[in-house]
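Below is a briefing for a reader who is meeting this structure for the first time.

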Amino acid sequence: MREFAFELRLCAHLERAGGVVARQLGSSVHGVGGRIVDAVVVEPGPAFDERADLTPHEIPTEAIEADVGVGRWRRVTDAIDGPPERAHAVAERAEEAGFFELGRENGQRVARQVARYPDDWFGRVRGIENKPDLGTPGDLESQLRFDAALGLLDEAVLATESYVTRAHLNRIPPEIGVWRVDFDSEDPIEVVREPEALDPEDWGVEILDEAGLKTDIAVCSRAEKRAKRRRMAERAYGKGWRTYTQPACERAESGAEAGAGGLPYCAFKNRLVDAASECGPECSGYEPGDPVEVDLDSERATRTPWKPDAGARRRQSGLDKWS
Ligand code: SF4
């Protein structure tokens, strides 16, 4: 099975167990454009409902970390780190997300939070690397070494359709768990090896580059890891896993897996397809048409505690106030 279809189907199953599921999230602390984790499950913490009531969108971490509270208006350029243009851009993104209210005092842009940010809204974070066919591992081993050394996640797992041999297990770090996935089975996930707990509360080592015997690393502090985990959790909450497009083709249908509908299914290829890379005139089955209409926000809202309309009334009254 292709990795894209495998990933969507697995996400649909993971979502059934609760938590926030998202695809393709960056986990590098120092590296630019570095490690991307295929699927992430963020478990709810004690204040999850408070977070869900705040906004359905990702809240910029620069705004969460800014010296802006609920009650008192603060000058944007004083409260947010960095040059004024960056501070204004962060404040505007936070307002669009529904986290800041913006106003003017003495000709200066001022901000305050619309509600307290609940730090403990998320708990454990699990990362899953999808490799349906272990016969074509690509960068798998180095990706899993990265996760084990950095310890940003609470646990990391390799998910595959392949039969997992002792040789496979020996090649990946012992901390990494292994699932064998069979979507035709009533219980599709077989745990071949349990993951060991990683330690997000300790310092971590980020592998920046490996070339022959030379490995470039960066040491990551506890505070850096904590900030990155929150950024990742926020990204997961705002993004989710339904980040695919529907093919503009007559052969496309709305597919389903594990009760989740709206998946990009192709009746010609008889499987889920990645419209961005597979669909168009180059495909022998292509018949131009309108994309299937599916309401992916409703899909997500009916299956998870994510609230698509959270804060909408507050955002609207804020706009009225300043218009
Ligand atoms: S373009 Fe090809 S792969 Fe995409 S939906 Fe149409 S027939 Fe299927």
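Helices (H or I, at least four residues) and strands (E, at least two) are DSSP runs, numbered from the N terminus. The model is a predicted one: local features need pLDDT of at least 70, side-chain atom pairs count only at pLDDT 80 or more, and totals for chains, interfaces and linings use all residues. Residue numbers start from 1 along each chain as its sequence is written.

**Domains**

- The protein is divided into domain 1 (3-48 + 120-239), domain 2 (60-116) and domain 3 (252-322); such bounds come from an automatic or database domain assignment.
- Between the C-alpha centres of domain 2 and domain 3 there are 32 Å.

- Two strands pair if DSSP finds at least two bridges between them.
- Strand β1 (residues 20-26) pairs with strand β2 (residues 36-44) in the antiparallel sense, over six bridges.
- L25 has V37 in β2 as its bridge partner.
- β2 is also joined to β6 by five bridges, and these two run antiparallel; here A39 has I128 in β6 as its bridge partner.
- Q24 is placed in strand β1, and its phi is near 55°, a positive value in a residue other than glycine.
- Most residues other than glycine have a negative phi.
- Why is Q24 classed as partly exposed? Q24 is partly exposed because 14 other C-beta atoms lie within 10 Å; a residue is buried if 20 or more other C-beta atoms lie within 10 Å of its own, exposed if 12 or fewer, and partly exposed in between, with C-beta atoms placed from the backbone.

**Helix α6**

- In helix α6 (residues 140-150), the buried residues are Q143, L144, F146, D147, A148 and L150.
- These buried residues of α6 pack against β6 (122-130), β7 (155-160), β10 (204-211) and β11 (214-220); two residues are in contact if their C-beta atoms, placed from the backbone, lie within 7 Å.

- An open sheet is formed by three strands in the order β3-β5-β4, with antiparallel pairing.
- Its edge strands are β3 (74-75) and β4 (100-105), each of which pairs on one side only.
- Two bridges link β3 to strand β5 (residues 108-113) in the antiparallel sense, and R74 stands opposite A111 in β5.
- Helix α5 (residues 84-97) packs on the sheet and touches β4 and β5. The direction of α5 makes about 130° with that of β4; axes are lines fitted to C-alpha atoms, for helices over the stretch in contact, and angles run from 0 to 180 degrees between N-to-C directions.

- A258 is found in the loop between β12 (252-257) and β13. A258 has a positive phi of about 50° although it is not a glycine.
- A258 counts as partly exposed because 15 other C-beta atoms lie within 10 Å.
- G262 belongs to strand β13 (residues 260-266), and G262 is partly exposed, with 19 other C-beta atoms within 10 Å.
- Leaving aside neighbours within four places in sequence, G262 is in contact with S254, V294, L296 and E299.

**Ligand**

- Which residues are closest to the ligand? Of the 13 residues that surround the ligand, the closest are C249, C266, C279, C283 and G285; a residue is near a molecule or strand if its C-beta atom, placed from the backbone, lies within 6 Å of it.
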